[in-house]
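Here is a short report on side-chain contacts. Look at the charged pairs and the aromatic rings as you read.

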2 protein chains.
Amino acid sequence: MDYERFYSRVGRQVRESAIRRMGAADDDRRDVVSFAPGYPDPTLFPWDDLRDIAGQLLSGQEPSILQYGPPRGLAPLREATVGLLAARGIAVTADELLITTGTQQAVDLLARVLVEPGDVVLTELATFTGSLTAFRNAGAELVGLPVEHDGIDLDALDLAWSCALAGGRPVKLLYLIPNFQNPTGTLLSRDKRARLIAWAEYHDVLIVEDDPYGSLYFDDETAPDTRPLRADCDTGRVIYTSSFSKVLAPGLRVAWVTAPSALIDRLENAKQSADLTCGGLDQHLAYEALRRGVIDRVLPSLRARYRSKRDIMEAAMCREIGERLAWGSPRGGFFIWARLPHGCMDVELLTRAQAEGVTFVVGSAFHVDGSGHDTIRLSFSEPSADRIDEGIRRLSRALTPAAAGS
Amino acid sequence: MDYERFYSRVGRQVRESAIRRMGAADDDRRDVVSFAPGYPDPTLFPWDDLRDIAGQLLSGQEPSILQYGPPRGLAPLREATVGLLAARGIAVTADELLITTGTQQAVDLLARVLVEPGDVVLTELATFTGSLTAFRNAGAELVGLPVEHDGIDLDALDLAWSCALAGGRPVKLLYLIPNFQNPTGTLLSRDKRARLIAWAEYHDVLIVEDDPYGSLYFDDETAPDTRPLRADCDTGRVIYTSSFSKVLAPGLRVAWVTAPSALIDRLENAKQSADLTCGGLDQHLAYEALRRGVIDRVLPSLRARYRSKRDIMEAAMCREIGERLAWGSPRGGFFIWARLPHGCMDVELLTRAQAEGVTFVVGSAFHVDGSGHDTIRLSFSEPSADRIDEGIRRLSRALTPAAAGS
């Protein structure tokens with residue numbers, strides 16, 4: 001049976017994500033080194049703590065652990081998350097929080113509740129593909145803004161706003177990943193953070209601040225620079241979302257979004273329609289990990305290990321690839337964003353790289369306007385040190401013809 | 001800050017679910033007996049098995065358990081679900097399955113991928129509110145069809161189809177809960193199942209068959225009557241969704257939808273945008289519970305215990321309430337659907353019932369056309385025998401004034 005005649009706009013437009021396509025390639029070849037998905041390193045998950053906690057939770061003493069729960073999320077987890085946010089400078093109450101199935105769901109719910117087909121949404125030019133898809137599925141007209149070394153280009157922002165207004169569709173929303181941005185690794189400067197808040201207030205635009213990597217800075221002096229925009233904006237203008245996926249484990253699918261309670265009420269309703277509630281066991285595991293200080297205890301080692309992996313990848317790139325790639329060293333997070341030599345296309349390089357046994361995500365996948373073919377994203381977070389070295393050697397071999405041809 | 005000017009159509013229309021409102025009432029009064037939510041009995045969850053399995057899974061030997069996983073779902077779980085479906089008479093391959101975050105997500109994804117704003121979707125008149133909301137959020141024009149003792153009224157179905165066509169909007173989809181329907185408890189007859197398949201083929205309408213309760217029949221002779229429509233329709237016309245929530249535990253949020261792989265591809269893409277992937281630990285727990293035969297082992301006791309609870313509730317209703325309520329005895333599932341005495345309104349009864357310390361869901365909440373104020377849904381699945389007795393005594397007191405006034 002042919003379903004074509006039954007599909008909605010969303011059904012017709014859904015496309016296979018570039019990241020998933022890379023993931024599929026992995027399955028086909030077991031020895032491949034994957035720099036593609038932004039996966040955390042599973043050897044850093046607090047397995048022992050989680051096993052102990054799970055053993056206690058599943059004693060059967062507390063029925064709610066495996067029962068349906070409130071759509072807004074487990075109450076003690078919301079309370080504990082309030083504390084975690086306070087440590088980031090964000091003062092909210094539990095009423096202003098919704099627990100979500102990953103930040104992916106937070107962005108998707110925001111898109112559904114806020115974006116009407118045709119609404120203009122601004123993003124960084126090069127941003128997380130999952131968010132692009134969520135906004136696209138809501139019918140957003142996406143406009144990408146160039147990212148400079150210190151974050152989004154504010155002149156381009158003004159211009160995009162004026163163009164949208166002139167086109168009769170004022171900008172509704174600006175989506176940002178200020179800390180160690182996915183995919184560029186950029187840290188938005190403190191000056192630009194302040195100016196973006198003022199800009200959004202003046203132009204009556206909402207900001208969605210997506211912050212999965214903020215805690216994963218590589219040097220303590222960087223920490224103050226990761227202060228969320230939301231910490232300095234109490235008007236409801238900035239909606240903030242973050243997750244336990246990168247500081248605990250993504251398989252638990254526990255994240256949250258904070259906004260004024262009126263908006264949280266709408267998001268909660270949309271969540272109820274999307275999947276009723278988050279997993280009870282997952283939420284209790286995240287809550288207990290917070291309450292027992294597991295996350296606080298593991299964070300310093302996560303920072304040290306991911307910094308070490310960044311160093312290993314950069315050293316290998318310097319040694320094996322040299323000036324054939326250009327990149328800025330990320331001060332946190334999971335990603336190195338590299339510019340290709342003149343005349344080298346991301347998709348062609350990927351084909352050669354896969355033949356050599358290494359994958360990454362093509363830069364163009366992150367560009368809403370189809371540009372970015374001279375860039376690639378390399379994730380250093382998951383592979384071991386040896387595999388990083390091996391993968392970069394393979395990437396170097398894949399790059400050779402392009403370098404020769406340029 | 002006032003968000004009103006920012007909301008999309010979905011954001012403006014989301015409403016607080018009646019079930020959630022009942023749930024909130026529970027929180028306010030601790031001694032309340034709740035017949036409101038369709039929760040399974042947590043004392044029947046296989047706690048010991050799940051604790052053992054979780055202890056083994058969290059040994060740290062298998063990184064994928066807490067890692068991001070494939071959007072389509074854990075491969076061994078999909079394979080095992082194929083086997084579970086075969087036992088229900090449904091022959092599919094793992095390619096034709098998507099693991100979802102509850103059947104709520106399956107229905108929501110189907111609504112997003114198939115329903116364009118204005119499309120006509122037919123439902124039973126009195127159906128699961130969560131599905132109504134999902135279709136409404138997709139912009140469906142919902143038309144409810146009366147339910148007879150043996151299921152949906154086929155004459156009304158023909159009429160609704162003709163009316164929709166005459167209005168220039170042919171019916172796209174029929175949403176059904178054939179087994180122990182929520183909220184009416186109705187079992188769709190075998191004759192009507194066959195006629196509905198033929199009807200859908202002839203009129204080129206898709207059927208979404210939602211089957212959370214099919215395994216929870218109360219007498220073995222009922223089992224053949226629960227055979228899914230999908231088992232007798234291999235054309236792709238019937239899309240089937242079911243869950244581990246009622247046979248294992250809902251806190252795991254693991255369900256599935258089966259359809260031809262072309263449609264599953266679209267649903268998978270939509271899922272990736274909705275929440276990337278289901279929980280890794282939850283999926284592994286469900287898989288191991290299937291593989292080790294835990295579900296097969298607990299099913300007979302679930303059937304016996306829920307049947308016993310139905311009997312206890314009906315006995316209490318006969319004893320305490322008598323002819324002031326009329327109901328049909330359900331042959332499986334979680335719900336008794338009761339008709340109120342003449343002149344008694346569901347919402348007014350609920351107010352009095354809450355004052356007496358008992359809650360239920362008003363029948364009108366399940367009616368897409370706002371009717372049904374002479375009905376209520378009583379869930380017997382979660383409360384203990386004593387609490388069922390106590391709750392029905394309280395309900396009887398709440399009913400008295402209405403009975404006197406009628």
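## Salt bridges and ring pairs

R51(B) is partly exposed, at a relative accessible area of 26%. Here buried means under 20% relative accessible area, exposed over 50%, and partly exposed in between (1.4 Å probe, protein chains only). This is a predicted model, in which local features need pLDDT of at least 70 and side-chain atom pairs count only at pLDDT 80 or more, while totals for chains, interfaces and linings use all residues. Residues are numbered from 1 along each chain as its sequence is written, chains are lettered from A and ligands numbered from 1 in the order in which they are written, and side-chain values use heavy atoms, with hydrogens and water left out.

The partner of R51(B) is D48(B), in a salt bridge. That term means a side-chain nitrogen of Lys or Arg within 4 Å of a carboxyl oxygen of Asp or Glu. D48(B) is partly exposed too, with a value of 48%. Both residues lie in helix α3 (residues 47–57) of chain B, 3 residues apart, about one turn of the helix. Helices (H or I, at least four residues) and strands (E, at least two) are DSSP runs, numbered from the N terminus.

How many salt bridges are there over all chains? The search finds 64. Three of them are listed here.

| Salt bridge | N to O distance |
|---|---|
| R51(B) and D48(B) | 3.2 Å |
| E390(A) and R393(A) | 3.0 Å |
| K192(A) and E148(A) | 2.6 Å |

E390(A) and R393(A) share helix α13 (residues 385–405) of chain A. They also belong to a network of salt bridges with D31(A), R387(A) and R394(A). K192(A) and E148(A) link distant parts of the chain, 44 residues apart. K192(A) sits in helix α8 (residues 190–203) of chain A, and E148(A) in strand β5 (residues 147–148) of chain A. K192(A) is buried at 5%, whereas E148(A) is partly exposed at 35%.

Now the rings. Rings of Phe, Tyr and Trp (its six-membered ring) pair if their centres lie within 6.5 Å; planes under 30 degrees apart count as stacked, over 60 as edge-to-face and the rest as tilted. The count is 23 aromatic pairs over all chains. One of them is F244(A) with W256(A), tilted, 5.1 Å centre to centre and 55 degrees between the planes. These two are 12 residues apart, with W256(A) in strand β10 of chain A. F244(A) is buried at 1%, and W256(A) is buried at 0%. Y3(B) and Y7(B) form a tilted pair, at 6.5 Å and 35 degrees.
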